[in-house]
Amino acid sequence: MIVRIGSFTRDVAMMQLERPRAELASFGALDVPSDRADATRAAEGQERWPDKGDLVVDTMTPIGQDTRPNPDMTTQQIDPIQILPSVSRSRLPLFRDRLIVAALVATAFALRVPNLGRAYWVDEGISVGIASHPLSRLPGLLREDGSPPLFYVILHFWIRLFGTAPEATHFLPLIISLACVPLAYWSATQLFDRRAGIAAAALFATNPFLGWYSTETRMYPLVVALTIVGITFAWRAVRDRSWKDGAGALVAYTSLLYTHDWAIYLTGVTALVLFGLAVSRADRRMAAAVAAVAAVTVALWLPWLPTFVAQASNTAAPWAIRPNLGDFFADPSSALGGTLGIIVAPALAFGVLWTRKQHPMTGSRVAGVLVAVGVLTTLAGFLGAQLEPSWAGRYLAVIVAPFLLAAAGALSPVRRGRLVVLGVCILLAAWSAIGTLLPNPNAKYAKSNVGAVAGAVAAQLRQGDLVIVTQTEQVPVLAHYLPPGLLYVVPSGPVADPLVVDWRNIVKRLQVSQPCSAVAPSLNALAVGADVLVVNPGRTLGASGTAWSTAVNHQVAAVDGMVVHDASLVAVDFYGQAMKPKPFSPVTATLYRKVSTAGACI
């Protein structure tokens, strides 16, 4: 697109370009034009101010005529001109960026795909189990689970297309996690400039949080991706006074609210920060616009509110703990750097401080807003978890994007900062590659060995045999791997649907359950010759001293004691496959055979 400078000479135009951008910004904008805007407009064919090195072309000259500059022509002789961005300066850098982003996507794929076939663990069994039901049943089933529906709806259709095998369902979060890389480039380019875009893409490509959850059938990569989109649209809407971007933010944040409950904190904090920014500038119109978009977002979430209230009252996260001050700092660091979080988070913070005097004012402002969103969201979750235990490291998916985008924007303007980003990304990529390359005979079952145990015992089980699961939430993943037609019973009683965990008031139900009344009737109803598989957790469950830990571990011991003393049962075999190194969620199993009619608890 051609830009007419009017009656300016080239010297005057260059003087305007060299003025501080802040002096050229209007009061209404919450940001000022940046190199990001120039690059984006050039790519989209929109107008931009020229750089010093841009090719100056008099477009009034007929095509084919010699356009080389006349050495005798002085600056004062240059008539009003039209300036066209050089192809080499407007297109080549964007092409180069695309190549770099593509290479970073390939790097992320190479780091994450080795775990594509990793066996399911508890949470994944629950996800796949719920999503396997008819779509109309999902809202009702989720009242028993405690999650919003969007990811399960997506997974439902994915399963219909590709099946329920781990490789099939893991490909969904893998694709979403890889999409975060170009999304990060786009976001940081919009918020800062192209250099920040490359830095952000590199940080997201090597982020351990995305790496870990890229091959887990859960919603966390989707949360990160939607957060990137939501924050970008929200800032652009405020900066550019764009209702179109405001609509984009509305869709993204509403989708987040239907994806994970911690999006409540992120959505509220984002609205609060942007509203406060508008108020601090005495911009009533913008403050009203932020409030309006926030109100519409809440209104769109209201249909789910009754289910959310029921979940919060009856399911929540019974295994969760109230975090302490150490968790407040350690868990966000892990979200940014994984096991190297204690190095990565301080390195990024130090890099920002090291280069702070060289930061452009505009970039510092945007980065500050992002950091405020990240910190306040973490604080809101921390305080909320003090009222109702609901803290888990994976829930911090909502703060990955704000912090990484802020780091990219703050560090990319200067060489020192870019070196910090490069060093962090190389360290994380190398650490991930080493973890993949090191010999690990149990890599497939790093999260859970249920698949290995089920595979070993499956041939011994027949339709109508009984599976006693002392850790209730293991039922769906066991049902995935074991043959169909088995009966399941947990410490609180028989399981009607083994693909779903009923979390409603589970601690209270465990506290009052008695094996002789909840489990024994299922044992006594078996015919002589039937097999009974008892599956126990391979470690003590829960945080010591919590009501959940006390109740579930008591039931494990009580049910085991009843089975061992049942004279009608004879132990046949023990299964403890894939226990070295011990998985994150290990189990062991003992196979019994019923040899008489003498029942349990009789």
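How many helices and strands are there in the chain? The chain has 27 helices and nine strands, where helices (H or I, at least four residues) and strands (E, at least two) are DSSP runs numbered from the N terminus. This is a predicted model, in which local features need pLDDT of at least 70 and side-chain atom pairs count only at pLDDT 80 or more, while totals for chains, interfaces and linings use all residues. Residues are numbered from 1 along each chain as its sequence is written, and side-chain values use heavy atoms, with hydrogens and water left out.

**Overall packing**

Of the 602 residues of the chain, 52% count as buried; buried means under 20% relative accessible area, exposed over 50%, and partly exposed in between (1.4 Å probe, protein chains only). The chain exposes about 26,800 Å², and carbon and sulfur atoms supply 64% of that area. Accessible areas come from the Shrake-Rupley method with a 1.4 Å probe, and for residues only the protein chains shown count as cover. Among contacts (heavy atoms within 4.5 Å) between residues at least 6 apart in sequence, 78% join residues at least 24 apart.

**Nonpolar cores**

A nonpolar core is a set of buried Ala, Val, Leu, Ile, Met, Phe, Trp, Tyr and Cys residues joined through side-chain atoms within 4.5 Å. The largest such core holds 146 residues, and Phe204, Val224, Leu482, Tyr488 and Leu533 touch the most other members. Leaving aside residues up to four places away in sequence, the residues that Tyr488 touches include Leu466, Val467, Leu482, Pro494 and Pro498. A second, separate core has 17 residues, among them Ala518, Ala530, Val559 and Leu569.

**Cysteines**

A search of the whole structure finds one disulfide, defined here as a pair of cysteine sulfur atoms within 2.5 Å. A disulfide is a covalent bond between the sulfur atoms of two cysteines. Here Cys516 is joined to Cys601, with an S to S distance of 2.0 Å. The pair links distant parts of the chain, with Cys516 in helix H25 (residues 515-518) and Cys601 in the segment after E9, 85 residues apart. The torsion about the S-S bond of Cys516 and Cys601 is about -80 degrees, so the disulfide is left-handed. The table gives the accessibility of these two cysteines and of two others.

| Residue | Relative accessible area | Class |
|---|---|---|
| Cys516 | 45% | Cys516: partly exposed |
| Cys601 | 41% | Cys601: partly exposed |
| Cys180 | 0% | Cys180: buried |
| Cys425 | 7% | Cys425: buried |

**Backbone and loops**

Most residues other than glycine have a negative phi, and most peptide bonds are trans. A cis peptide bond joins Lys580 and Pro581, with omega at about -10 degrees. Pro581 lies in the loop between strand E8 (569-575) and strand E9 (587-594). Ala578 is also placed in the loop between E8 and E9, and Ala578 has a positive phi near 55 degrees.

Asn505 has a positive phi near 50 degrees. Its place is in the loop between strand E6 (493-494) and helix H24 (506-512), and Asn505 is partly exposed at a relative accessible area of 34%.

Asn115 sits in the loop between helix H5 (92-112) and helix H6 (122-131). The side chains of Asn115 and Arg118 are joined by a polar contact of 3.0 Å. A polar contact is a pair of N or O atoms within 3.5 Å; within protein, one must be able to donate a hydrogen and the other to accept it, and residues adjacent in sequence count only if both atoms are side-chain atoms. Not counting residues up to four places away in sequence, Asn115 touches His170 and Thr215.
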